[in-house]
Amino acid sequence: MYKRFLMIFLLALTLSNMQARVKLPHLISDNMVLQQQTEARLWGWAEPGRTVKVSVSWSTKTYTSTAAKDGKWIVKVMTPEASYTPLSITFDDGEPLTINNVLSGEVWVCAGQSNMEMPVKGFDNCPVEGYNDVVVDARQSRGVRFCKIPSVMRVEPQDDAQCEWRQVTPASVGDASATGYFFGRLVNRALDVPVGLIEANKGGTRVESWLDRDNLKKYTDDPLDSLEIVKKFSWDYHRPLLWGNGTFHPILNYTVKGIIYYQGCSNVGDEGNRNGTDQYAKRLKLLVEQWRRDFALGEIPFYFVQIAPYYYDDDINGLSGAYLREQQFKAQSIIPNSWVICTDDLVYPYETQQIHPCQKRQVGERLAYTALNRDYGMESMMYRSPRFKDMTISNDTCYVHLQDDYRGISRYEDLQGFEVAGEDRVFHAAKAYYYWTKGIIITSEEVKKPVAVRYGFRNFRPGNVKNQAYLPLFPFRTDEW
């Protein structure tokens, strides 16, 4: 009888100790990258009321927190200057748990839909240009690490996700977000500091897919009941609320530097993009405000990508894609500490039907140019694409002037992508050339009295105007028709 009682007692003690051991979210694990020189949040779960002690290898200070009634605890740990020196963190609530090979550096979120999710190795029938070169070069990027949050839908906000931090190697680099990796690689090499990439994205998602319940209820007419959501949206990736709950919410406690974002294709065709309400621009602004509020890190940078040319509605000359790009351009002007990247030149003529263009290196690097200039003090870095400034008309000729051209454009002759219309509002292809004292000079034989100019304002009408930094001119229109 005594032996039986002793066995039960020892088993109960063992189970108690197992339950007592602190539990960490998967994001806090071996190989993670901490945001340098800041109060980084570390969190997890323990037995309610239990004290959790956190000690770090770079300091003698011990941080403590007490698990709440729901078992949650959180501490803020002062992180060291960026370095490739491996660090460790020990969590102790009676039974210590240590994570190793941690680095301090710069941490960015890679959010959006499939053009952000697209890995370096590409999707089926969607290659990424230069893949083999990236694999060969990967050994030079050991300071870059990434963590892919599984793309899952959930009815309720999730606090954890089944993920792991991975170091970039020739074997692993193919799995990293291509746009994210090329961004991280350039930041890593320019600053010579570790870079961590948290990939929280899902192909096909709308901007509404990431809004929370309160914002959806207040600003949209999307359903909030899961059955009604499924009934309205047959394609799961179009569903609101659920992706934000399952795929983005698990990262909101993590301390990050900023967010890069590539999304918009699934909002092409929305009536609100062309009826004067600026629906997409306002909802993207709403999403950024939501994320900044939930990260509670202040007005962190938000840099996003304008969608590339594509034959939406099976029509290369259609306008639905142009309206969405216009909305993205407007969003940059209403979202503080944001910038939009132009990709008008990053498609090949044969990619009219390719929703995932293969030139991802340039996309990621343009995002990196922006961060390096705006956030890391590299003021000599040219990151601005040229944009329309103003226009004058004299007889049959339009004179367009640009801003952010860095004192020059890349060519004087054969400027392509321009169209001109008269009072009949019918646009015709135009001839254009550049003269430095007059700007871009535009004429069309079919339009003797022009009133409006458009540039690249079609689903698939890439132009060839670039500035002194060889960055492409944003598509624009001078009319509001």
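**Close-up views of a predicted model**

**View 1. Helices α8 and α9 cross at roughly 45°.** The axes of helix α8 (residues 279–295) and helix α9 (residues 320–334) come within 8 Å, where axes are lines fitted to C-alpha atoms, for helices over the stretch in contact, and angles run from 0 to 180 degrees between N-to-C directions. Helices (H or I, at least four residues) and strands (E, at least two) are DSSP runs, numbered from the N terminus. The two helices, α8 and α9, are therefore oblique to each other, a class that holds the angles left over once those under 35 degrees are called roughly parallel, those over 145 roughly antiparallel and those from 65 to 115 roughly perpendicular. The crossing of α8 past α9 is right-handed, that is, the near helix is turned clockwise from the far one by less than a right angle. Q279, Y280, A281, K282, L284 and K285 of α8 meet L324, Q327, Q328, K330, A331 and I334 of α9, with contact taken as heavy atoms within 4.5 Å.

This is a predicted model, in which local features need pLDDT of at least 70 and side-chain atom pairs count only at pLDDT 80 or more, while totals for chains, interfaces and linings use all residues. Residues are numbered from 1 along each chain as its sequence is written, and side-chain values use heavy atoms, with hydrogens and water left out.

**View 2. An open antiparallel sheet has the strand order β14-β15-β19-β18.** Its edge strands, β14 (387–394) and β18 (431–435), each pair on one side only, pairing being assigned if DSSP finds at least two bridges between two strands. Neighbouring strands of this sheet are turned by 25° against each other on average, direction ignored. Strand β15 (residues 397–403) runs antiparallel to β14 and is joined to β14 by seven bridges, and T392 has Y399 of β15 as its bridge partner.

View 3. Two bridges link β20 (residues 452–455) to the antiparallel strand β21, where F476 is the bridge partner of Y455.

**View 4. N467 is buried in the loop between β20 and β21.** N467 counts as buried because its relative accessibility is 0%, the limits being under 20% relative accessible area for buried, over 50% for exposed and partly exposed in between (1.4 Å probe, protein chains only). The side chain of N467 reaches the backbone oxygen of D404 at 3.1 Å, and a polar atom of this side chain lies 2.9 Å from the backbone nitrogen of A469. Residues touched by N467 include R384, P386, Y406 and I409, not counting residues up to four places away in sequence.

Notes. A polar contact is a pair of N or O atoms within 3.5 Å; within protein, one must be able to donate a hydrogen and the other to accept it, and residues adjacent in sequence count only if both atoms are side-chain atoms.
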